[in-house]
Amino acid sequence: MKRPARPLLTLTAALAVAVPTILFGSSAAYADPISQTSGFYVNPQSSPASWVAANPGDGRANAIRTEIAQKPMASWFGNWSGDITAAVGNYVAAADAVDKLPLLVAYNLPGRDACGGHSGGGAGSVGAYDAWIAAFASAIGNRPAVVVLEPDSLGDFNCMSQAQINDRVGMLSRAANQFRSKAPNTWAYLDAGNPGWVDARTMAQRLNRAGVANAHGFALNVSNYFTTGENTNYGNTVASALRSDFGYTKPYVIDTSRNRNGSNGQWCNPAGRRIGTPTQLGGGAEMLLWLKTPGESDGNCGVGAGSTAGQFLPEVAYKMIFGY
């Protein structure tokens, strides 16, 4: 149920305005999932939508419905997803049936969140991950999609051994190749941390080693709070470093789900944050996306004390709408 692709010139002109870099390297080999669909998919079974449906009389329900649940945002897939072929296939099929573009996050690297610790877990081995991500890509197949690969994966090297780092970048590189070969209408982005984590040149080196040349681009600020302007400056610098050091550059997307008030230096359920610009094209990046669901906990910390990572907290969601 896809609309015919619009001429490539239309997309190229739009990106030339949105992104100040012009050499996308091997990205040009990818078909354009945006022009194949009629907007971004809103998941009727997201955690805020499910909470609203179960609590229609709650005084917070209307605000959470209109300001969060009815907005396009990513769905995350990991070792909790069961049969990954069925989970991803069903989700992408639901979006395709209404001619919308689904946003997905793959989060299953062995030892994920190695240094943060609140979202630990992942596949049991390198081989298990390789098989899992291959099935993920195959489940999308020829349908249009946007996928962000493995938040935290290139930012938290400090507590890892060199062997673990080697395994990680190898898995990411192979993952990028899986989407390139098996999901030709998918734009896959490697996670590249945020402006407060790793300097831009170091991140460019890590991205290159992790196979970003075979991905469509990179993603910034996933589950974090830095402003769109801060991320744009950082993303442009990373893209420039890719060009100067490796001879190609890439577009990037920014997670704006919780960044309207910026960062206070904390990453784990800080108080006083606010939802940012909803998912859309442009905004100084290729796209601004809601990748983290507003109201879902970062872990047992901050205003989410007593919760687990990924648990939907209606009071946190409600306060995030108004910024208190």
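Contact here means heavy atoms within 4.5 Å, and helices (H or I, at least four residues) and strands (E, at least two) are DSSP runs numbered from the N terminus. This is a predicted model, in which local features need pLDDT of at least 70 and side-chain atom pairs count only at pLDDT 80 or more, while totals for chains, interfaces and linings use all residues. Residues are numbered from 1 along each chain as its sequence is written, and side-chain values use heavy atoms, with hydrogens and water left out. The protein chain contains nine helices and eight strands, and buried residues account for 56% of its 324 residues, where buried means under 20% relative accessible area, exposed over 50% and partly exposed in between (1.4 Å probe, protein chains only).

**Overall architecture**

- Among contacts between residues at least 6 apart in sequence, 75% join residues that are at least 24 apart.
- The protein chain exposes about 12200 Å², of which carbon and sulfur atoms supply 53%; accessible areas come from the Shrake-Rupley method with a 1.4 Å probe, and for residues only the protein chains shown count as cover.

**Helix α5 and its cover**

- The expected span of a helix is 1.5 Å times one less than its number of residues, so the 15 residues of α5 should span 21 Å, which agrees with the 22 Å between its end C-alpha atoms.
- Buried residues of α5 include Tyr 129, Trp 132, Ile 133, Ala 134, Ala 135, Phe 136, Ala 137, Ala 139 and Ile 140.
- The cover over the buried residues of α5 includes the strands β1 (75–77), β2 (103–106), β3 (145–149) and β4 (186–191), together with the helices α4 (84–97) and α6.
- Just after α5, Gly 141 adopts a positive phi of about 60°.

**Nonpolar cores**

- A nonpolar core is a set of buried Ala, Val, Leu, Ile, Met, Phe, Trp, Tyr and Cys residues joined through side-chain atoms within 4.5 Å; the largest one has 57 residues, and within it Phe 136 and Phe 179 touch the most other members.
- Helix α5 supplies the largest share of this core, with eight residues.
- Not counting residues up to four places away in sequence, Phe 136 touches Phe 77, Ile 84, Val 88, Leu 104, Ala 106, Val 147 and Phe 179.

**Salt bridges**

- Taking a salt bridge as a side-chain nitrogen of Lys or Arg within 4 Å of a carboxyl oxygen of Asp or Glu, the count comes to eight.
- Glu 315 and Arg 60 form one of these salt bridges, with their closest N and O atoms 2.9 Å apart; because Glu 315 lies in helix α9 (residues 314–322) and Arg 60 in the loop between α2 (47–54) and α3 (61–69), the pair ties together parts that are 255 residues apart in sequence.
- Glu 315 counts as partly exposed, at 36% relative accessibility.
- Asp 130 and Arg 174 meet through their side chains in a salt bridge of 3.1 Å, N to O; Asp 130 lies in helix α5 (residues 126–140) and Arg 174 in helix α6 (residues 162–182), so this pair links parts that are 44 residues apart in sequence.
- Arg 174, at 36% relative accessibility, is partly exposed.
- Arg 201 forms a salt bridge with Asp 245, the closest N and O atoms being 2.9 Å apart; since Arg 201 lies in helix α7 (residues 200–209) and Asp 245 in helix α8 (residues 228–246), the pair ties together parts that are 44 residues apart in sequence.
- Arg 201 is partly exposed, with a relative accessible area of 44%, and Asp 245 is partly exposed as well, at 33%.

**Polar side chains**

- A polar contact is a pair of N or O atoms within 3.5 Å; within protein, one must be able to donate a hydrogen and the other to accept it, and residues adjacent in sequence count only if both atoms are side-chain atoms.
- Asn 43 lies in the loop between α1 (8–18) and α2 and counts as buried, at 14% relative accessibility; a polar contact of 3.3 Å joins its side chain to that of Ser 75.
- Asn 236 lies in helix α8, and its side chain makes a polar contact of 2.7 Å with the side chain of Tyr 252.
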